[in-house]
Amino acid sequence: MLKNLSISNYALIETLEMAPSSALNMITGETGAGKSIMLGALGLLLGNRADTKALFDDSKKCIIEGVFEIGNYGLEAFFEEEDLDFEIPCIIRREIAPSGKSRAFVNDTPVRLDILKTLGKELMDIHSQHDNLLLGAGEYQLSLIDAFAQTKKEKAKYSDAYKSYKKALKAFDRLSHEAAELRKEADFNQFQLEELSTLQLQKGEQEELENEQEILDNAEDIKSKIHESLQLLNGEELGAANVLMQVNQVIQNLSRYSHRFDELRERFNSICIEVDDIAASLEDEDSKIEVDFDKLEEIRERLSKIYQLQKKHGLQTVEELIDLEKELADKAFQIDNLDEELEGLQKATEKAWNELTIAAEKLSQKRQKSFHDFSGQITSLLAQLGMENAKLDISHQISEPTPSGIDHIEILFSANKGIKPQPIKQVASGGEFSRLMFAIKYIMADKVALPTLIFDEIDTGISGEVALQMVLMMQQIAQEHQVICISHLPQVAAKGDKHYFVYKDNSAHKTISKIKTLDDEERVLEIAKMIAGANPSESALKSAMDLLK
């Protein structure tokens, strides 16, 4: 319920504030006085896009704020999901800066427009010409049937089943596609796998083989160099080892004369030991190296195969070839297990389809059971609204499952006797559309927790007893829901619990739209003006008082 609305610096409104009654509120005023401007401001509050052209003073920002009582709307889960503070009352504010930047707040927390729109649908239902166009849309018509038939539980089960089926089908289709691709490549992949598996590659072997090849390629030269080195070290007369041993003997003799030479003796002794060790290592290496042309050929052949595979697959190392071998082995394993996995997914898809079919049939049956009552109630209400010959039917066809079910419906309408009902958008006039939409809103008021209802000149094209009947129905709606009605008919305006008058103030240099709550005397005068014009007669004033009774 809207408890308070304030608008500043919007269109022709400099400042405006109203606190509607919880029941039936009437708004009247001359054409162009600003009634539709108020609806535009409310639209911004509910998430519509902003335009700086709407600023009254383009040097200041526009602020629209609504205070809503939301205690009975069951919105706690929504607030928690969007990480918003749930407060009663709920304050929604929209700001439009001269630069064009727009900001929205819920309880002082900034929010995106899509969140504001979602919340706005739960707070206010504004009837406009857009609703008349919307009534011709199949999805909207189906939503009306769902609301009337109270299918929330069945729709939830169907929605879960639909999502499960789509998920299972997607998994099955994806694996089927992968299987087809894998089978196309299976023979080639198997050939590549065998080619790699035959080599029995080992990590790090390429570097080892290349080092060994280098040694075998130069074995004779290496052995020659080792022998030369050993001769220089171990030669009987001029060998370095003999010379070092003689020097070592001299230094040992020096240490006998003074301890100052002890350190030198130890250092030189270490050198002698290291030289002996080097000579021993060279002899060991000499014993290991053989000129083996057969082994060299084997290494060359293996390296050649490794190089060929690396070039073939665009890889650089043995480790990458091993990874490729594993990948090909995995694909081969998948091929071997595809049939079993596909069979499992197919069964899961069939099970999900069966569950979807059951949920769809239950939802469809409940919808179809409501068709007769829905049509009957609407037809009865239209008769009360001056359309005695109106007839409404529902065309129904079963379709493939969609997110909303298997039902394709179309509301068929005829306003005249003897005329076969046709799709609404083809036959209904503007006034007929308005009365039809009003009848729908009336019956929905008993079915769902409708938010604040706003009717924008829904009484256009009607008068007399029909208008009186419509406003009596509004009063019935207002017993459970807040209703705001913009009207131009005196018999409608007279039935509100609270009456607001919108007018233009031309006293300043710029026209301003203002609104005021009418007291009893002002209300009599306004109703009389709506009956007889700007200067109502005594009889018009009396008629106004009779209407207000």
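Student: How many positive and negative side chains does the chain have?
Tutor: The chain has 63 positive and 96 negative side chains. Lys and Arg count as positive and Asp and Glu as negative, while His and the chain ends are not counted.

Student: And how far apart do the centres of the two sets lie?
Tutor: The centres lie 12 Å apart, with each charge placed at NZ of Lys, CZ of Arg, CG of Asp or CD of Glu.

Student: What kind of model is this, and how are residues numbered?
Tutor: This is a predicted model, in which local features need pLDDT of at least 70, side-chain atom pairs count only at pLDDT 80 or more, and totals for chains, interfaces and linings use all residues. Residues are numbered from 1 along each chain as its sequence is written, and side-chain values use heavy atoms, with hydrogens and water left out.

Student: What radius of gyration does the chain have?
Tutor: The chain has 46 Å, whereas a compact globule of 549 residues would have a value near 24 Å. The radius is taken over C-alpha atoms, and the globule rule is 2.2 Å times the number of residues to the power 0.38. Along the principal axes, the C-alpha atoms fill a box of roughly 150 × 65 × 35 Å.

Student: How many helices and strands are there?
Tutor: There are 18 helices and 15 strands. Both are DSSP runs numbered from the N terminus: helices are H or I with at least four residues, strands are E with at least two.

Student: Which residues of helix H3 are buried?
Tutor: In H3, residues 113–123, they are Ile115, Leu116, Leu119, Gly120 and Leu123. Buried means under 20% relative accessible area, exposed over 50%, and partly exposed in between, with a 1.4 Å probe and protein chains only.

Student: Why do they count as being on the same side of H3?
Tutor: Because they cover an arc of only 135 degrees around the axis. The arc is that of the directions from the helix axis to the C-beta atoms. An α-helix has 3.6 residues a turn, so residues three or four places apart point the same way.

Student: New topic. Is Ser364 buried or exposed?
Tutor: Ser364 is buried, at 3% relative accessibility, and its place is in helix H12, residues 318–384.

Student: What does Ser364 touch?
Tutor: Leaving out residues up to four places away in sequence, Ser364 touches His396, Ile398, Ile406 and Asp407. Contact means heavy atoms within 4.5 Å.

Student: Where is Pro89?
Tutor: Pro89 is in the loop between helix H2 (76–81) and strand S5 (90–96). The peptide bond from Ile88 to Pro89 is cis, with omega near 0 degrees.
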